[in-house]
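Work through each task with the model open, then read the solution.

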Amino acid sequence: MTDIGNIALWIALLIGLWGSAVAFAAGRSRRADLALSAERSMFAVWGLLALASAALMKALLAHDFSIEYVAAYTSRNLPVFYTWSAFYAGQKGSLLFWAIVLATFSAAAVLMNRGRYRELMPYVTAVLLVIITFFVAVMVFASNPFEKLGFLPQDGRGLNPQLQNPGMVIHPPMLYLGYISIAVPFAFAVAALVSGKLDTGWLQAIRRWTIMSWLFLSVGVVLGMWWAYVELGWGGYWAWDPVENASLMPWLTMTAFLHSVMIQEKRGMLKKWNLGLIIGSFLLSIFGTFITRSGVISSVHSFAQSNVGWFFLGFLVLAGVASFALLAYRWPVLAAEARLESMVSREAAFLFNNLIFLVITFSVFWGTLFPVLSEAVRGTKVTVGPPFFNQVNIPLGLLLLFLTGVGPLIAWRQASTANLRRQFLWPVAGMLVTGALLAVLRMSDVWAIAAFALAVFVTVTVAQEFVRGTLARHRQYGEGWLLAVVRLVGRNRRRYGGYVVHLGMVMLFVGFAGMAFKSDTEVTLKPGQTTEVRSPYGHVYRFTHQGISQYEQLNRFVSAASLDVYRDGKYIGVMKSEKRQHMDSMGQPTFEPSTEVAIRSDVREDLYIIFAGSVQGTEEAVYRITINPLVWWVWYGGMVLALGGLISMWPTGRAPTPVKRRADQAGYVARVEA
Amino acid sequence: MKAGTKFIIGGVLVLATVGYLMATGIKETGVYYLTPSELATRVEADRSFYDVGVKMGARVVTGSITRDVATQTIRFRATDGQHTWPVVYRGLAPDTFTDEVDVVLEGRLQSDGVFHATTLLAKCGSRYEAVPARTGTEASSS
């Protein structure tokens with residue numbers, strides 16, 4: 001199998017090189033035969049990478065430990081479910097995963113746009129083939145998943161226990177899908193720049209792709225948070241770790257793009273900006289890959305240091321220089337067709353939204369790279385942590401939340417006082433009442449009060465839109481309420497899907513604000529002993545230590561400590577946290593012990609209990625008991641966000657409507673004024 | 001005034017505020033990231049460097065870890081091969097904290113010559129990357 005995999009990679013490399021060259025030639029000469037050859041190269045590369053992936057998969061499932069990668073990440077007693085995830089658990093396999101997913105997206109993009117965008121497609125094919133070929137080259141020359149070990153171990157090393165978690169099976173692929181799918185919009189942007197076909201054609205072609213990338217990134221980031229929360233056992237879900245930041249940055253720029261592209265569609269402004277955002281998002285996704293793989297910045301979850309990082313840095317620099325040079329070359333033809341007319345307008349709200357997204361991205365970038373920058377400039381490494389990121393990003397985040405409410409409702413061009421009153425009377429009232437109420441209730445954290453008040457503001461704006469739209473349909477077509485809502489959303493998917501995304505964002509902010517009231521307690525308890533913890537809501541939780549039990553389970557040895565939990569004197573259940581020692585198939589311990597957190601979650605707060613260890617082998621246990629208010633809102637907010645994204649990108653079944661300045665679709669407000 | 005100009009003024013205000021927040025953020029929360037011997041050189045050159053919050057990246061000396069579970073205190077020695085500091089840490093150590101592991105400590109070196117750590121992160125080389133053992137039974141722990 002290894003030979004098949006290896007050969008497939010080599011042939012893919014050669015065909016990839018040929019295809020990239022011929023595709024560029026096809027773009028320049030407009031020769032149909034060359035374009036066809038480029039297309040076929042794309043499909044051939046896809047087929048070869050699929051073959052290589054199948055070979056690796058088979059080797060993993062067949063426990064072929066003569067392959068270094070298989071021996072390093074799996075073992076005979078690893079559950080099959082996780083054997084599948086070993087495909088992308090390590091550096092080498094994840095490179096193959098990247099390549100096959102990118103090839104799949106690329107082939108799909110080529111297939112779907114066959115016969116359309118004739119001037120763009122050869123360049124699109126060329127750019128995508130160059131990226132795929134780069135990944136194949138890295139595998140072939142630096143990090144080959146089919147590398148032989150030279151001897152045959154009896155068993156593999158097994159998968160790190162912290163990766164043996166259902167969240168970890170879906171989180172990395174989701175994030176990868178997000179990172180990787182940005183390559184398609186990037187290819188279209190570059191193709192538009194190279195060919196000079198800079199009308200809205202390329203935007204139309206990538207519209208759904210960009211929402212899809214954004215959706216995968218969002219789901220990937222939220223799943224990563226969930227994994228960190230349930231598996232890493234430090235009581236939180238976001239630590240501003242470089243790797244987390246690396247996944248956040250392209251998400252921020254993609255989100256900025258999804259907003260600013262509307263300005264280009266409706267008003268013909270921000271053309272350069274949008275191209276820049278797509279290019280920037282792609283570069284940031286490669287940058288993220290570079291950080292995780294190079295060891296340049298120390299992070300708790302980076303891959304081992306390897307020279308693969310330098311390949312990525314080289315690629316990053318080349319891609320960056322080339323694409324921004326192209327942008328500069330086309331600068332003169334990208335002039336805006338309209339100007340900003342008023343500060344009180346949707347254009348201005350969106351411009352500020354974009355500015356803030358970019359500023360957040362920059363601050364995250366700066367904070368992440370600061371150790372490297374300070375060492376280069378001043379000779380000493382200075383690091384910044386969560387306090388830095390929070391200080392900068394909490395105010396910016398709240399400003400963004402405010403604009404989330406303003407942007408969709410304010411009129412295009414220039415909002416009249418009547419428009420402002422009509423749209424914002426109730427939301428502002430809701431915001432002020434909430435703020436006042438929380439202040440009266442003596443909520444201690446000013447930022448949290450602001451967050452909750454703004455959450456209400458945005459929620460009311462969205463609710464108002466749904467109610468008004470439904471009422472209008474009910475009146476106009478005599479539809480029942482439910483039918484009216486369904487049709488309202490179904491007929492304006494991008495707009496109402498966007499509102500649902502905004503609601504998801506509001507829920508996330510509510511969850512983030514809840515963390516301001518987190519409480520931590522560390523206790524040591526003998527069996528039968530009790531401790532009490534006060535929750536931020538004023539409840540008193542009582543915990544009684546039951547003792548420690550030890551048993552074997554699947555591929556691990558477990559010590560489990562249990563607590564009886566009472567809320568305000570009422571028994572609510574047992575919570576059990578475990579220390580797990582994983583075993584190899586010989587019964588020998590492998591890896592460090594890992595902790596299984598006990599979590600009891602509801603809408604209001606999470607009880608999060610870590611069994612930290614027993615005192616000298618007795619049943620006396622050390623616990624950390626954390627109360628995390630409103631964490632539920634983060635996970636469910638993530639789901640609402642994903643649902644909104646799905647609504648927005650769901651095909652309408654009609655041919656895509658041409659993108660023109662459509663005053664009649666510019667929103668409810670514009671319709672009133674037009 | 002034209003709207004474009006107003007937007008630029010607004011934008012500059014946002015940028016200035018963020019620039020200010022970032023600058024003060026780095027000044028107030030940025031900490032030196034040093035190796036044990038760099039820390040030694042610094043305190044030798046400047047006694048006032050004792051009791052300054054720093055991050056130290058080091059390796060745990062094999063066999064030096066002693067744990068007192070009842071008071072949740074961990075003592076060990078951290079080294080970079082040239083200089084070694086005794087370390088005290090109160091709190092829960094991560095699962096990956098074992099002999100010979102690379103750690104990142106946040107805390108202060110006090111004038112008694114002991115590094116008092118407030119956070120302890122263990123960086124394990126094998127965290128996601130593993131080296132297969134020569135024989136299936138030998139578990140490597142680095």
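**Domains of chain A**

Chain A of this predicted model is divided into domain 1 (1-164) and domain 2 (517-632).

**Exercise 1.** Find how far apart the C-alpha centres of domain 1 and domain 2 of chain A lie, and describe the contact of these domains.

*Solution.* Step 1: the C-alpha centres of domain 1 of chain A and domain 2 of chain A are 43 Å apart. Step 2: count residues in contact, with C-beta atoms within 7 Å as the cut-off. Domain 1 of chain A contributes 10 residues and domain 2 of chain A contributes 9 residues. Step 3: sort the side of domain 1 of chain A that touches domain 2 of chain A, which gives 2 nonpolar, 5 polar and 3 charged residues.

**Exercise 2.** Which elements of chain B each supply at least two residues to the side that touches chain A, and how do the residues of that side divide?

*Solution.* Step 1: the contact draws 40 residues from chain B and 62 residues from chain A. Step 2: on the chain B side, at least two residues each come from α1 (3-29), β1 (31-34) and β7 (115-123). Step 3: α1(B) gives the most, with 14 residues. Step 4: by type, this side of chain B holds 21 nonpolar, 13 polar and 6 charged residues.

**Exercise 3.** State in which sense β1 of chain A and β1(B) pair, and name the residue opposite A:Val382.

*Solution.* Step 1: β1 of chain A covers residues 381-383, and its pairing with β1(B) is antiparallel, over 3 bridges. Step 2: opposite A:Val382 stands B:Tyr32, in β1(B).

Note on methods
Residues numbered from 1 in each chain as written. Chains lettered and ligands numbered in written order. Predicted model: local features only at pLDDT ≥ 70, side-chain atom pairs only at ≥ 80, totals over all residues. Contact = placed C-beta atoms within 7 Å. Helix = DSSP H or I, 4+ residues; strand = E, 2+ residues; numbered from the N terminus. Nonpolar A, V, L, I, M, F, W, Y, C, P; charged D, E, K, R; others polar. Pairing = 2+ DSSP bridges. Domains from an automatic or database assignment.
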